[in-house]
Amino acid sequence: MAAALKKVMTLASMLLPYGVHELRRRLSNRQKLPLNIARSLEANRQLAGLHAGQRCFILGNGPSVRDLDLSLLEGENVITVSNGYLHSDFDKFRSRYHCVPQITYGLMNSEDVIRWFEEMHSYLGAAELFLSSTEAELVRKQNLFAGRTVRYLVLGDSFDDRLSEEIVDISRPVPRVESVPVMALMIAMYLGFKEIILLGVDHDHFLSSSYQYAFDLKVQKGKDITANADGTLQTNRHDDFQSLARLWRQYRAISNISKANGIRIFNSTPGGALDEFDRRPFQAWFAE
């Protein structure tokens with residue numbers, strides 16, 4: 001009887017649509033979040049709409065920033081990313097928020113990450129920090145960022161699986177990102193900013209065959225697995241274009257979300273390859 005019932009259930013399972021199997025697979029793979037991460041996500045709810053109607057600048061690390069007078073950002077809401085605390089004039093504008101995505105442990109080991117986080121902490125002033133939940137345990141064990149507000153994002157699903165054009169809710173697991181400006185854009189929209197201006201988001205290394213920064217790296221120098229110490233790329237075109245395709249789809253998704261929610265995103269990067277957002281010169285924001 002049991003064997004017969006098992007055969008019937010197997011046959012019924014084979015007749016189910018593919019989408020049902022895919023849903024069951026995702027649900028079975030979804031693990032319960034650790035209590036500390038769940039509490040951290042819950043705390044992110046207090047950020048919803050915090051800067052409603054305001055504008056912010058997301059400052060990337062591309063070499064185009066070298067030509068900008070970043071002192072003009074003094075008094076603005078600025079979100080920096082990764083090594084962005086090394087920008088010239090950082091002491092003048094001091095970012096309000098700082099973002100670091102999931103870390104790739106290749107040339108970077110745990111000791112390197114600890115040193116990097118310590119360097120970051122010494123430069124960031126009072127900035128609130130957003131990290132990937134993958135680094136939460138390291139931060140806890142090493143008692144890093146003492147006295148600083150540290151928030152976490154659970155970067156899990158794919159933007160390709162997200163059909164909604166609602167603002168991404170950072171108090172729940174969010175899509176993983178191909179590049180940190182996408183993470184900053186999700187956070188900025190959740191915070192309620194209605195005008196978001198991108199700077200130094202170049203994404204043109206596939207044209208120049210070189211990955212450069214607007215500043216000299218310190219702790220992280222020589223730790224990028226995709227580029228040599230001189231900036232020349234180690235990745236082949238096939239892998240690079242696959243990554244770029246994912247990145248551009250993420251920017252397209254962000255663009256669609258912003259338009260559906262009355263948010264205006266501008267790219268004020270001098271040059272660069274990103275073409276998903278309207279362009280406006282950096283100086284134009286301060287002309288009045």
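Visitor: Which crossing does α7 make as it passes α9, left-handed or right-handed?

Guide: Left-handed: that is how α7 passes α9. Bear in mind that this is a predicted model.

Visitor: What's the angle between α7 and α9, and how far apart are their axes?

Guide: The angle is about 15°, and the axes are 10 Å apart. Here α7 covers residues 180–190 and α9 covers residues 237–260.

Visitor: Roughly parallel or roughly antiparallel, then?

Guide: Roughly parallel. Angles under 35 degrees count that way, so α7 and α9 qualify.

Visitor: Which residues make the contact?

Guide: From α7, Pro181, Val182, Leu185, Met186 and Met189. From α9, Leu247, Gln250, Tyr251, Ile254, Ile257 and Ser258.

Visitor: How many of those are nonpolar, polar or charged?

Guide: Nine residues in the contact of α7 with α9 are nonpolar and two are polar. None is charged.

Visitor: Stay on α7. How many of its residues are buried?

Guide: Eleven of eleven, so the helix is mostly covered.

Visitor: What happens just after α7?

Guide: Gly192 takes a positive phi there, about 100°.

Visitor: Over to α9. Where is Leu244, and is it buried or exposed?

Guide: Leu244 sits in helix α9. Its relative accessibility is 10%. Buried means under 20%, so Leu244 counts as buried.

Visitor: Which residues does Leu244 contact, leaving aside neighbours within four places in sequence?

Guide: His205 and Phe206. Phe206 is 38 residues away along the chain, and its C-alpha atom is 8.9 Å from that of Leu244.

Visitor: New topic: Gln220. Where does it lie?

Guide: Gln220 is in the loop between α8 (205–208) and α9.

Visitor: Is that Gln220 side buried or exposed?

Guide: Gln220 counts as buried, at 18% relative accessibility. The cut-off for buried is under 20%.

Visitor: What does the Gln220 side chain make a polar contact with?

Guide: The side chain of Asn83, at 2.5 Å.

Visitor: And which residues does Gln220 touch, not counting those up to four places away in sequence?

Guide: Three names to look for: Asn83, Met108 and Trp116.

Note on methods
Residues are numbered from 1 along each chain as its sequence is written. This is a predicted model: local features need pLDDT of at least 70, side-chain atom pairs count only at pLDDT 80 or more; totals for chains, interfaces and linings use all residues. Side-chain values use heavy atoms; hydrogens and water are left out. Axes are lines fitted to C-alpha atoms, for helices over the stretch in contact, and angles run from 0 to 180 degrees between N-to-C directions. Helices (H or I, at least four residues) and strands (E, at least two) are DSSP runs, numbered from the N terminus. Angles under 35 degrees count as roughly parallel, over 145 as roughly antiparallel, 65 to 115 as roughly perpendicular and the rest as oblique. A crossing is left-handed if the near helix is turned anticlockwise from the far one by less than a right angle, and right-handed if clockwise. Contact means heavy atoms within 4.5 Å. Ala, Val, Leu, Ile, Met, Phe, Trp, Tyr, Cys and Pro count as nonpolar, Asp, Glu, Lys and Arg as charged, and the others, Gly among them, as polar. Buried means under 20% relative accessible area, exposed over 50%, partly exposed in between (1.4 Å probe, protein chains only). A polar contact is a pair of N or O atoms within 3.5 Å; within protein, one must be able to donate a hydrogen and the other to accept it, and residues adjacent in sequence count only if both atoms are side-chain atoms.
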